[in-house]
Amino acid sequence: MLRSKIAGIGMYVPKNVITNQDLTQYMDTNDEWIQERTGIKERRYADRTGETTATMGVEAAKIAIERAGIIAQDIDFIVFATLSPDYYFPGCGVLVQRALKLKEIGALDIRNQCSGFVYALSVADQFIKTGMYKNILVIGSEKHSFGLDFSTRGRNVAVIFGDGAGAVVLQPTQDPNQGILSTHLHSDGESAEILAMYNPGTHANHWGQYADFAEAKIGEQFMSHEMIDKAQNFPFMDGPAVFKKAVVKFPEVVMEALQANGLQPSDINMLIPHQANLRIAQFVQQQLKLGDDQVYNNIQQYGNTTAASVPIALCEAWEKGKIRQGDLVCLAAFGSGFTWASALLKW
Ligand code: UT7
C-alpha cells in the first residue's frame with residue numbers, strides 16, 4: 001500500500017528574540033505571570049519589513065527540499081497553512097511558488113489556525129496516497145507580531161504568540177514500516193467566536209449574538225474606524241474557555257489515532273503537541289501517562305506559533321536526535337474554530 005513519508009523537514013525562526021521583560025515596555029505584564037501561566041520565556045518576532053509569513057515559509061521550505069534530496073522544481077503541489085497571510089488574498093501558496101521559481105503547480109492555502117499544519121499534512125497525504133503527486137511541500141508559517149494588540153487591553157493574547165515557520169516534503173513510500181499511518185480531523189463551530197479575529201471579514205454583524213461587533217456601514221464593510229476603536233482588528237480569545245476544551249480534545253484525538261492503529265500511549269516514541277501553552281501540554285502528558293522523553297515542547301523559546309508550531313517542534317526534536325528512524329510519532333493540535341486534529345506516523 002502506498003503511504004506518505006516525510007522525506008525532508010526544515011524550520012525557520014527570525015533572529016529577533018523578544019523576552020517577557022521586553023514586553024513590559026508596551027503593556028502591564030511581567031515575566032512571572034507569563035512563565036507561570038504559559039511556560040513561555042521568549043519568542044521571535046519577524047523583521048518588520050524584510051520577513052513575511054510567506055518568506056519565512058520559503059526559508060523553511062528550502063531546508064526541507066534540500067534534506068529531501070530533491071530540487072525545488074521537483075515539487076508538484078504546495079499546501080500552505082497560516083492564519084496570518086501576507087495578503088487577505090491571494091494566499092501564501094502562490095507567493096511560495098513564485099519565490100522558489102516552481103513550475104505552474106497547484107497551490108492550496110489552509111485556514112485551520114492551530115491545527116492548520118496537521119490539516120495540511122492530512123490533505124497532502126491523500127494526494128500522495130492516490131498517486132496524484134510525488135513531492136508535496138507542506139508549510140506552516142505565521143507572522144503574529146504584525147497583528148497583536150500590544151496595549152494592556154490585549155495582553156492575554158499578545159504575550160502568547162510568536163513568529164516562525166516549518167515545512168516538510170511529503171513523498172510516497174511502499175515501505176510498510178515508514179510513513180503516515182492515519183490522520184484524524186475534527187471541528188466544532190459552536191464556539192467559533194471565542195478565539196477569533198473578526199475583521200477584516202464579511203460578517204456584517206450577522207453573528208452579533210456572539211460578540212459585540214461594530215456595525216458595518218456601506219463602504220466600510222471590511223474595516224471601519226469603529227471596528228478599530230473596539231479593537232476588533234485584533235485576535236480575541238476567551239483563554240480559560242479555550243483551555244478547558246483543549247485539555248479534553250488533545251488527549252481524545254491522540255487516543256483516536258492510537259486506537260485506529262491498534263496502539264497504546266506507551267507505544268508513542270514522541271508526541272509533538274501544538275505549542276499552545278506548556279500547562280496544556282503537561283496536562284495531556286499526564287492524562288496519557290507519557291514520560292518526559294515521550295513529549296517534545298519548545299514553547300519556552302518560541303511562544304505559540306499556531307500553524308508553524310507543530311512542524312517547528314517536529315523539526316527541532318528531529319534535529320536534536322530525539323526522533324529516529326522507525327519511531328512512532330504522534331502530532332496533535334487544537335485551536336480556533338474549534339478545530340483539532342492528529343496524525344500518527346512512523347518516522
Ligand atoms: O493556540 C491557540 C489556542 N489557545 C490556547 O490554547 C490558549 C488557552 N488558554 C490559555 O493558555 C490561558 O487561558 C491564558 C494563558 C491565555 C491565560 O491564562 P489564565 O490562567 O486562563 O488567566 P486568565 O485569562 O483567567 O487571567 C487571569 C488574570 C486576569 O486578571 P484578573 O481578572 O484576575 O485581575 C487577567 O487580566 O491575569 C490577567 N492577565 C495578565 N496579567 C499579566 C491576563 N493576561 C495577562 C498578562 N500579564 N499578559
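Biologist: Which ligand atom is 3.1 Å from a polar backbone atom of glycine 239?
Modeller: A nitrogen atom of the ligand. Bear in mind that this is a predicted model.

Biologist: And what does the side chain of arginine 37 do at the ligand?
Modeller: One of its polar atoms lies 2.8 Å from an oxygen atom of the ligand.

Biologist: What about the side chain of asparagine 277?
Modeller: An N or O atom in the side chain of asparagine 277 is 2.7 Å from an oxygen atom of the ligand.

Biologist: How much of the ligand does the protein bury?
Modeller: The protein buries 74% of the 950 Å² that the ligand exposes when taken alone.

Biologist: Which residues come nearest to the ligand?
Modeller: Thr29, Arg37, His274, Asn277 and Asn304, out of 21 residues around the ligand.

Biologist: How do the shell residues divide into nonpolar, polar and charged?
Modeller: There are 11 nonpolar, seven polar and three charged residues in the shell around the ligand.

Biologist: Which helices each supply at least two of the shell residues?
Modeller: α2 (31-38), α6 (155-158), α8 (239-260) and α9 (278-287). The largest share comes from α8, with four residues.

Biologist: Where does the ligand lie relative to domain 1 and domain 2?
Modeller: Between them, because both domain 1 (3-173) and domain 2 (179-190 + 237-346) give residues to the shell around the ligand.

Biologist: Is lysine 249 buried or exposed?
Modeller: Lysine 249 counts as buried, at 14% relative accessibility. The cut-off for buried is under 20%.

Biologist: Which side chain is joined to that of lysine 249 by a polar contact?
Modeller: The side chain of glutamate 252, with a polar contact of 2.9 Å.

Biologist: New topic. How many salt bridges does the structure hold?
Modeller: Eight salt bridges. One of them is between glutamate 319 and arginine 67, whose side chains meet at 3.0 Å, N to O.

Biologist: What does the glutamate 319 and arginine 67 pair tie together?
Modeller: Glutamate 319 lies in helix α11 (residues 309-319) and arginine 67 in helix α3, so the pair links parts that are 252 residues apart in sequence.

Biologist: What about lysine 62, which residue does its side chain meet in a salt bridge?
Modeller: Glutamate 59, at 3.3 Å, N to O. Lysine 62 and glutamate 59 both lie in helix α3 (residues 53-67), three residues apart, which is about one turn of the helix.

Biologist: How accessible are lysine 62 and glutamate 59?
Modeller: Lysine 62 is partly exposed, with a relative accessible area of 43%. Glutamate 59 also counts as partly exposed, at 31% relative accessibility.

Biologist: Last pair. How far apart are the closest N and O atoms of lysine 320 and glutamate 316?
Modeller: They are 3.9 Å apart, and the two residues form a salt bridge. The cut-off for a salt bridge is within 4 Å, so that distance counts.

Biologist: Which of the two is buried and which is exposed?
Modeller: Lysine 320 is exposed, with a relative accessible area of 53%, whereas glutamate 316 is buried, with a relative accessible area of 10%.

Note on methods. Residues are numbered from 1 along each chain as its sequence is written. This is a predicted model: local features need pLDDT of at least 70, side-chain atom pairs count only at pLDDT 80 or more; totals for chains, interfaces and linings use all residues. Side-chain values use heavy atoms; hydrogens and water are left out. A residue is near a molecule or strand if one of its heavy atoms lies within 4 Å of it. A polar contact is a pair of N or O atoms within 3.5 Å; within protein, one must be able to donate a hydrogen and the other to accept it, and residues adjacent in sequence count only if both atoms are side-chain atoms. Accessible areas come from the Shrake-Rupley method with a 1.4 Å probe; for residues, only the protein chains shown count as cover. Ala, Val, Leu, Ile, Met, Phe, Trp, Tyr, Cys and Pro count as nonpolar, Asp, Glu, Lys and Arg as charged, and the others, Gly among them, as polar. Domain bounds come from an automatic or database domain assignment. Buried means under 20% relative accessible area, exposed over 50%, partly exposed in between (1.4 Å probe, protein chains only).
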